[in-house]
Amino acid sequence: MTTGTTPETSPASGEGERILSPAYAATTIAMFGLIAFVAFEAMAVATVMPTVARDLDGLDLYALAFAAPLASGVVGMVAAGMWSDRTGPVVPLLASMALFSLGLLVCGVAPSMDVLLVGRVLQGLGGGALTVGLYVLVGLCFPSRLRPAVFASFAAAWVLPSLFGPGLAALVADTWSWRWVFLGTVGFVVVALALLAPALRGLEPHLEGVSTPVARLWWAVLGAVAVLVLELLGSAQGVAVGGALVALAGVWVALGRLLPQGSRVLRRGLPSVIATRGLLAGNFFCAEAYIVYVLQDHWSLTPGRAGIALTCVGVVWAAASQVQARLGDRVSHHRAMVVGSCLVLAGLLALAGSVLAHDSGHDPSALLPAAAYVLAGAGMGFAYPRTGVAMLEVSTDRDRGFNSSALSIADSLGAALALSLAGSAFAAAGRTDVDPFLTVFTIAAVGGFLGVLAASRTFSRTSPA
């Protein structure tokens, strides 16, 4: 795919240009805003979802509200990549923004938890496709020397909402309604589209016999549907064990088609890098979905005060990411992933321990589970970026696209699968005398052990090993 004017030959691509120079400022700000809005929704929803679930009488579908957009996001990623290769990024970007906005509107007016889940699926489809479309747009609109700065701005776009998102979401929910957490974002998406429009109008795709295999999209659909069915069956009053096992088998088969061979069994080298990424995301985001909930339920904190944990994690994650970047080659990718995974495991064990202590009558301070969660965030900041760097260093022109896609799929589908398993366990424990939060954090900690094992099987040097 080519355009009439490429960023490398544009007159505006002089050596003194920056991503906020006049030629690029509107596009940069618009892309930054779109990424930030997706990130804000993730942080805001984690803060208000306990309130939403109680208000809509849908606590039994709590985990599914988080798993649904992650699972559908995988389908959005694959579909947007195929669509962009065929037609260019303009139409897929517009469609993704429309889907994301529609999902926000559906969630904002949802009369029941079932309808809200439909909105969350639409959000995931739009958000996943939006991210891919923006990455394609970076390659078309910016010269190669400016692209690292653009991607750095994307990282910052995730950090800022972690600082202000939880508090703002709690304020909006307390002052007006949780519904405005969803509805209020739609207007910002429209503003971002207006800023992005000039860059989109300048793109005129010229296709050269691009062919995109449809099978990969169907495998993504299978994986997403199987994850959601698994959670629904697991959360049902009469747990359909046979159906849940079939759904789990569907996820296993789909992952085998979407990830590098050997990723599911932690084969040494690149497959274990991909597996490490998926396990890190699954374990940590499983804890993220329940940290505000448990702080409200067990320690009686308000949504605003409980959301402070999310803010602290954003700061610590960013700081740990900067530390590992400054260490550079002094810490190998292998060691960074192992150390980070161990920190995540330690945080998850401490989080489960704090809930156990609470149940035993010791009544620890709310600072203990919050600090445990922040420790896990530090591990994510240290290990998470290295999975991407390690993947790129052992990829070639023949498989770089597939491996990059696999990393994102492992990220989203791993988190969705972990949330589905946790949601099933939470529902099952709620029908017994076992603390459901303890069950969830114990499952996350077990996943943390697998994460450390996967990290230990990555390579210590940049070779496929």
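**A helical chain, from one arginine outward**

Let me start with Arg-216, which counts as buried at 18% relative accessibility, where buried means under 20% relative accessible area, exposed over 50% and partly exposed in between, with a 1.4 Å probe and protein chains only. Before going on, what you see is a predicted model, in which local features need pLDDT of at least 70 and side-chain atom pairs count only at pLDDT 80 or more, while totals for chains, interfaces and linings use all residues. Residues are numbered from 1 along each chain as its sequence is written, and side-chain values use heavy atoms, with hydrogens and water left out.

Back to Arg-216. This residue sits in helix H7, residues 215–235; helices (H or I, at least four residues) and strands (E, at least two) are DSSP runs, numbered from the N terminus. Setting aside neighbours within four places in sequence, Arg-216 is in contact (heavy atoms within 4.5 Å) with Val-78, Arg-257, Leu-258, Phe-402, Ser-405, Ala-406 and Ile-409.

Now the chain as a whole. Its secondary structure is 15 helices and zero strands. There are 465 residues, and 55% of them are buried. If we take contacts between residues at least 6 apart in sequence, 83% of those contacts join residues at least 24 apart. The accessible surface, by the Shrake-Rupley method with a 1.4 Å probe and, for residues, only the protein chains shown as cover, comes to about 19,100 Å². Carbon and sulfur atoms account for 67% of that surface.

Next, charge pairs. How many salt bridges does the chain have? The count is one, taking a salt bridge as a side-chain nitrogen of Lys or Arg within 4 Å of a carboxyl oxygen of Asp or Glu. The partners are Arg-277 and Asp-411, with an N to O distance of 3.2 Å. Arg-277 belongs to helix H9 (residues 270–299) and Asp-411 to helix H14 (residues 400–430), so the pair ties together parts that are 134 residues apart in sequence. Are these two residues buried or exposed? Arg-277 is buried at 12% relative accessible area, and Asp-411 is buried at 13%.

On to the interior. Beyond four places in sequence, Tyr-290 touches Tyr-62, Ala-63, Ala-422, Gly-423, Phe-426, Phe-437, Val-440 and Phe-441. Gly-127, in helix H4 (residues 113–141), is also buried, at 9%. The C-alpha atom of Gly-127 is 9.6 Å from that of Ala-39, although 88 residues separate the two along the chain. Thr-311 in helix H11, residues 308–327, is buried at 19%. Apart from neighbours within four places, Thr-311 contacts Ser-162, Leu-163 and Pro-166.

Leu-20, Ile-29, Val-191 and Leu-195 make a nonpolar surface patch of about 360 Å². Patches are made of residues with over 30% relative accessible area and no salt bridge, like charges being joined within 9 Å and nonpolar side chains (Val, Leu, Ile, Met, Phe, Trp, Tyr) within 5 Å. Of these, Leu-195 lies in helix H6, residues 179–201, and is partly exposed at 34%. Trp-83 in helix H2, residues 62–87, is partly exposed too, at 37%.

Finally, backbone geometry. Helix H12, residues 333–359, has 27 residues and reaches 39 Å from its first C-alpha to its last. That is close to the expected 39 Å, where the expected span is 1.5 Å times one less than the number of residues. Gly-361 follows H12 and has a positive phi near 90°. Which residues other than glycine have a positive phi? Asp-57 is one of them, with phi near 55°, in the loop between helix H1 (25–55) and H2. Ser-300 is another, at about 55°, in the loop between H9 and helix H10 (303–306). Asp-57 is exposed at 70% relative accessible area, and Ser-300 is exposed at 62%.
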